[in-house]
There are 2 protein chains.
Amino acid sequence: MGKIQDIEKRYFDLVKKIKHYEEALSLMAWDLRTGAPKKGVDGRSEVIGTFSEVVFQLTTSAEMKACLDQLREPAVQKELSEITRRSVEKSAKEYDRLVKIPADEFKNYVMIRSKAESVWAEAKEKSDFSMLQPYLEKLIDFKHRMVDYWGYKENKYDALLDQYEPGVTTETIDRVFDDLRRQIIPLVQEIKDAEDPEHDFLIGYFPKEKQREFCSHLLKEIGYDFEAGRIDETLHPFQITLNPGDVRVTTNYNENDVQSALFGLLHEGGHALYEQNISKELAGTPLYEGTSMGIHESQSLFFENFIGRSRPFWHRHFDTLKNYAGGLLDQIDIESFYRAINVAGPSLIRIEADELTYPLHIIVRYEIEKGLFNGDLKVKDLPGVWNEKMEEYLGIRPERDRDGVLQDIHWSGGDFGYFPSYALGYLYAAQFKHAMLKTVPNFDDCLAEGNLAPILSWLSKHIHQYGALKTPTEILEDATGEPLNAKYLVDYLTNKYKDVYRL
Amino acid sequence: MGKIQDIEKRYFDLVKKIKHYEEALSLMAWDLRTGAPKKGVDGRSEVIGTFSEVVFQLTTSAEMKACLDQLREPAVQKELSEITRRSVEKSAKEYDRLVKIPADEFKNYVMIRSKAESVWAEAKEKSDFSMLQPYLEKLIDFKHRMVDYWGYKENKYDALLDQYEPGVTTETIDRVFDDLRRQIIPLVQEIKDAEDPEHDFLIGYFPKEKQREFCSHLLKEIGYDFEAGRIDETLHPFQITLNPGDVRVTTNYNENDVQSALFGLLHEGGHALYEQNISKELAGTPLYEGTSMGIHESQSLFFENFIGRSRPFWHRHFDTLKNYAGGLLDQIDIESFYRAINVAGPSLIRIEADELTYPLHIIVRYEIEKGLFNGDLKVKDLPGVWNEKMEEYLGIRPERDRDGVLQDIHWSGGDFGYFPSYALGYLYAAQFKHAMLKTVPNFDDCLAEGNLAPILSWLSKHIHQYGALKTPTEILEDATGEPLNAKYLVDYLTNKYKDVYRL
């Protein structure tokens with residue numbers, strides 16, 4: 001046993017060292033996105049390069065391999081705690097992924113990706129897909145080879161999905177996305193034909209300082225710990241974890257539309273609550289993080305939409321909001337406010353979409369990605385396929401590729417298999433909410449009374465505390481007692497939008 | 001030559017790597033002092049520990065030694081550029097200092113120092129010198145041994161001075177401090193007997209946001225480049241350089257006294273201008289930094305006092321200040337304002353002292369430090385000696401040691417030899433100003449017209465651009481044509497205070 005403990009110590013010392021570099025890298029990333037002076041960016045990029053290389057070297061080092069090899073021996077495995085076993089599994093997966101790709105191919109890929117991202121910006125600007133096409137072709141070729149190096153079971157796309165949503169497969173996603181698409185499209189059609197609730201009154205001057213104060217107040221109310229975090233301003237909001245006691249959120253204040261910071265911070269706050277509530281037992285292990293992109297997104301969406309755009313939440317907070325709004329909302333009642341913040345309808349741009357139509361934007365992207373990796377879809381056909389699917393699912397067709405296939409940076413950054421997590425987040429969140437109601441039947445009253453303890457306690461008990469100790473599927477099935485099921489999101493959206501639109 | 005170039009490259013690659021770690025360490029330090037969440041501090045300290053160790057290892061590595069040994073060979077030296085030669089000299093000095101002290105002794109010292117700093121806080125709180133005495137004794141014993149390991153020429157205190165003010169010796173300081181003390185004490189006495197100009201009107205509500213806007217405006221006016229820096233809030237203001245394009249300042253807003261942020265930011269801004277204007281040719285070398293504590297302080301004091309507390313500066317800025325002050329200064333004329341910001345007189349606490357009496361506080365500390373290292377002054381006698389010197393030089397005597405010998409943290413942090421730099425900063429600044437007037441005879445008009453270009457250009461040409469390529473003495477003598485001379489500070493203070501106090 002003495003020997004195993006020594007190896008465990010060596011392994012965790014190495015993991016901690018990697019985490020130290022990652023903390024510095026996270027701080028540098030946070031700093032670059034929250035106001036680092038622009039003339040320092042080139043110098044900073046060199047530091048990031050140096051440290052990223054150290055992380056790569058440590059993660060794939062002979063020392064790491066030696067530790068992992070010994071800790072993965074069946075006789076040793078039996079002696080390990082659950083936490084160590086899962087940590088080793090996670091490190092080994094990361095090790096394999098990194099070492100299986102030949103270094104020169106990877107270097108070439110990083111160069112093409114970097115070039116593609118800058119070409120994308122120009123192609124989008126000019127709405128000219130042909131500029132980007134050769135780069136996408138190269139990136140997709142590389143991704144095909146990458147999956148070949150890694151190896152895969154059923155199909156190539158599963159291997160890409162697994163990076164973001166470990167264990168979730170095309171089979172599962174096909175099943176739930178089909179259900180979702182079939183049942184949501186008619187609802188979107190109904191909404192499209194109905195009259196929007198009045199919502200112009202939301203647009204108006206709301207000073208940044210007042211938005212900051214109100215949003216900070218709301219974050220406190222939902223349980224965000226300001227002694228283990230802070231809010232800063234940025235262009236594209238994000239949440240970032242530096243260490244278990246330092247979980248930051250960022251936002252972008254629009255002084256003419258409070259919704260941007262308000263729902264943005266509830267969203268990032270949801271991510272942050274997940275990170276702040278991971279069991280401290282996992283600190284210093286590779287398991288101290290969200291278990292997947294999708295489960296992470298379920299938490300941000302839960303706080304942004306299932307809580308933040310609910311009627312009872314505003315029963316508690318609307319008067320306070322009015323006080324901060326300096327007259328802007330004086331003539332508005334809660335019901336009008338509630339309906340206004342839930343206006344929905346088909347639109348071309350994913351990041352501006354509402355919670356009803358958002359999943360359809362993702363389904364378009366998912367079907368295209370699957371075609372590129374499991375089927376025979378060609379890059380040159382993307383604009384046409386994109387527009388047809390948009391017309392079929394959302395009833396609108398982009399006139400320019402910049403409002404269509406060129407709108408997102410993800411593919412130019414080599415991120416294939418990432419989009420589904422956004423929609424999985426909605427599905428998980430709805431299924432969690434349904435399960436939570438069995439333990440917290442007075443969910444609405446809790447919100448109206450500002451008593452979030454039972455809700456936070458459920459989330460912590462079933463999701464947050466585990467970090468990456470459980471897979472996303474384990475989290476979901478243990479918490480809800482069943483596999484992923486689109487029914488809960490469909491029911492939630494149907495009930496909500498029939499109510500908001502008085503259908 | 002090919003071989004020398006290879007070694008130079010290896011050496012500068014190593015220096016750059018060290019600088020990358022130092023940039024990360026600086027960012028972490030900045031972050032901890034500008035609002036990092038308190039629950040993340042323990043985790044952060046571990047990262048700082050890891051990186052500090054790497055810096056130590058790289059600075060004293062076999063690779064560093066090999067490069068330095070080869071680059072210091074006389075035959076090689078002749079082939080090197082001035083920049084490389086001076087860089088190597090600086091790295092070698094650092095290398096020698098670090099390796100000459102036995103590792104276990106140094107570790108022990110770091111522990112005692114850390115303990116002493118926390119004991120100091122309690123001893124100061126309780127005004128009980130006897131609590132701190134044994135720790136100071138141990139620290140001073142260690143410093144004596146440290147100087148023995150390093151070796152020294154004339155006396156031990158010179159070796160301590162050299163850490164902060166390379167090349168400046170006790171002999172020089174004795175000479176100028178004696179002049180200064182002899183001539184300033186009578187002036188302080190005169191001021192003490194005279195009536196203070198009215199200054200109560202400076203105290204009053206001045207919203208933080210308005211202070212921030214006005215101070216940012218002033219920093220722009222003095223030439224601070226916001227594309228290569230930013231202002232943040234902190235408890236104890238400081239300036240910090242992350243890389244040549246990222247030179248940050250911090251401040252502390254007191255909403256009832258604008259002077260704190262106003263003169264504080266002019267002070268930190270002076271430090272920052274120095275760092276922003278070092279020649280970019282020196283980037284990536286150990287010479288990209290201020291050449292000494294004292295020269296650095298001369299630049300901060302030049303902007304805080306010689307510019308910021310001058311009459312013509314406010315001829316340009318007083319109306320703008322009034323606009324930001326929301327009525328606070330509406331009834332005040334420039335002359336009253338100018339006199340109010342220059343009120344002076346003996347006081348017990350160094351960090352609250354004015355520019356007239358400040359050097360006397362430093363002289364008290366200098367004479368004590370010299371007694372501890374070159375003479376036979378004992379730690380137990382410090383409170384008594386302190387009080388006597390305060391009475392002799394400033395005419396006031398602390399009633400409690402917390403307002404006397406216990407007021408500064410420096411000695412508990414092992415910083416002996418550091419204090420003189422503060423006063424040297426004043427002396428340098430006055431001597432620079434005198435020399436500058438030969439090239440910029442219309443100095444006052446420049447300030448009144450907001451035309452700082454000739455002033456900045458002089459500072460850049462004679463001081464800033466060189467970074468640490470010249471020693472402080474070279475900088476001073478090349479810029480002013482003579483050795484350090486107390487006359488210029490005495491003249492400046494005499495003229496200014498006779499005017500302000502109408503003597």
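A:Phe106 and A:Tyr109 lie 3 residues apart in helix α6 (residues 103–126) of chain A, so about one helical turn separates them. Helices here are DSSP runs (H or I, at least four residues), numbered from the N terminus. This is a predicted model, in which local features need pLDDT of at least 70, side-chain atom pairs count only at pLDDT 80 or more, and totals for chains, interfaces and linings use all residues. Residues are numbered from 1 along each chain as its sequence is written, chains are lettered from A in the order in which they are written, and side-chain values use heavy atoms, leaving out hydrogens and water.

How exposed is each partner? A:Phe106 counts as partly exposed, because its relative accessibility is 34%, while A:Tyr109, at 4%, counts as buried. (Buried means under 20% relative accessible area, exposed over 50%, and partly exposed in between, with a 1.4 Å probe and protein chains only.)

## More about aromatic pairs

Over all chains, a search of the whole structure finds 61 aromatic pairs. The ring centres of A:Phe106 and A:Tyr109 are 5.8 Å apart and their planes are at 55 degrees, so this pair is tilted. Rings of Phe, Tyr and Trp (its six-membered ring) pair if their centres lie within 6.5 Å; planes under 30 degrees apart count as stacked, over 60 as edge-to-face and the rest as tilted.

Now turn to chain B. The rings of B:Trp411 and B:Phe419 have centres 6.1 Å apart and planes at 85 degrees, so they form an edge-to-face pair. B:Trp411 counts as buried at 6% relative accessibility, and B:Phe419 counts as buried at 0%.

## Two helices side by side

In chain A, the axes of helix α9 (residues 170–193) and helix α21 (residues 487–500) come within 10 Å and cross at roughly 10 degrees. Axes are lines fitted to C-alpha atoms, for helices over the stretch in contact, and angles run from 0 to 180 degrees between N-to-C directions. The two helices are therefore roughly parallel (angles under 35 degrees).

## How the two chains relate

How values were computed
Angles under 35 degrees count as roughly parallel, over 145 as roughly antiparallel, 65 to 115 as roughly perpendicular and the rest as oblique.
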